[in-house]
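Please read each point alongside the coordinates.

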Amino acid sequence: MNKWFFINVIFLMFTWIKIITFYHGIHAIIGGTALTLILYNWTRHAVFSTIRSPNVSRQRKISLATLSKRVLPFHKWTGSLALVIAVIHIVFVLQSYGLQIRQFKQASGLLSVSTLILLVLFGWLRWYKTTVRRRYIHWTLGYIIICIIFLHVII
Ligand code: HEM
Ligand code: HEM
């Protein structure tokens, strides 16, 4: 198992435990759903780095590559759906609290959703025609969004 699998699982569990323990309303559940879809897509990175790792058996690499190929058709839809759900989260948050851009929670949320828009856009560009640049940008935005959402959730 790659360290990213553990990071993703711990992040997901932490978020849902926080949402349930300090229940503030449906907007938090909607945000949690968007995060779950983003983490599902981000797990592709964990799968790819495990496949590239020299310490993993050939058999395991083959089974991961087969699984990865089988779930690939869903990737673009789960990623796009995450964006739609994130927008619904924002609408609910704004209805409850209004826009308070100076609040860290909202500022980090707005950074997350801006990154998600770019991530989804570069995902579709990459799907239409892969170039090394598009691939690199898609992958880098993935790292950036995980870090920003992490801050959005823990604070
Ligand atoms: C990719 C976009 C986003 C994701 C994945 C996301 C995810 C989440 C999650 C999982 C929570 C619940 C965890 C917690 O309460 O600490 C949450 C809460 C919250 N989010 Fe977001 N969020 C996003 C964008 C935004 C944006 C753009 C805003 C601001 C307009 C925002 C404002 C908030 C606020 C204020 C809360 C706290 C609600 C409360 O405690 O009552 N989020 N978000
Ligand atoms: C939540 C949003 C998303 C995240 C976190 C995400 C993350 C990733 C990751 C980590 C990879 C593997 C990167 C690598 O090592 O090369 C990847 C590949 C890819 N992504 Fe996304 N992605 C998202 C949304 C999208 C969307 C909306 C599309 C739309 C088509 C898309 C299209 C692709 C394509 C075509 C690949 C290459 C697949 C392959 O060859 O295995 N992604 N994505």
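1. Helices (H or I, at least four residues) and strands (E, at least two) are DSSP runs, numbered from the N terminus. H3 is followed by Gly 98, which has a positive phi, near 75°.

2. This is a predicted model, in which local features need pLDDT of at least 70, side-chain atom pairs count only at pLDDT 80 or more, and totals for chains, interfaces and linings use all residues. Residues are numbered from 1 along each chain as its sequence is written, while chains are lettered from A and ligands numbered from 1 in the order in which they are written.

3. The protein chain contains five helices and zero strands. Its C-alpha atoms occupy a box of roughly 50 × 35 × 25 Å along the principal axes.

4. Helix H3 spans residues 58–97 and bends by about 50° at Leu 72, with Pro 73 following within four residues. The bend is the angle between axes fitted to the seven residues ending at a residue and the seven starting there.

5. In H3, the buried residues (20 or more other C-beta atoms within 10 Å of their own, C-beta atoms being placed from the backbone) are Gly 79, Ala 82, Ala 86, His 89, Ile 90 and Val 93.

6. Ligand 1 is surrounded by 27 residues (C-beta atom, placed from the backbone, within 6 Å), and the closest are His 24, Gly 31, Ala 86, Gly 109 and Ser 112. H4 gives the largest share of this shell, seven residues, and H1, H2, H3, H4 and H5 each supply at least two.

Key
Buried ≥ 20, exposed ≤ 12 C-beta atoms within 10 Å, placed from the backbone.
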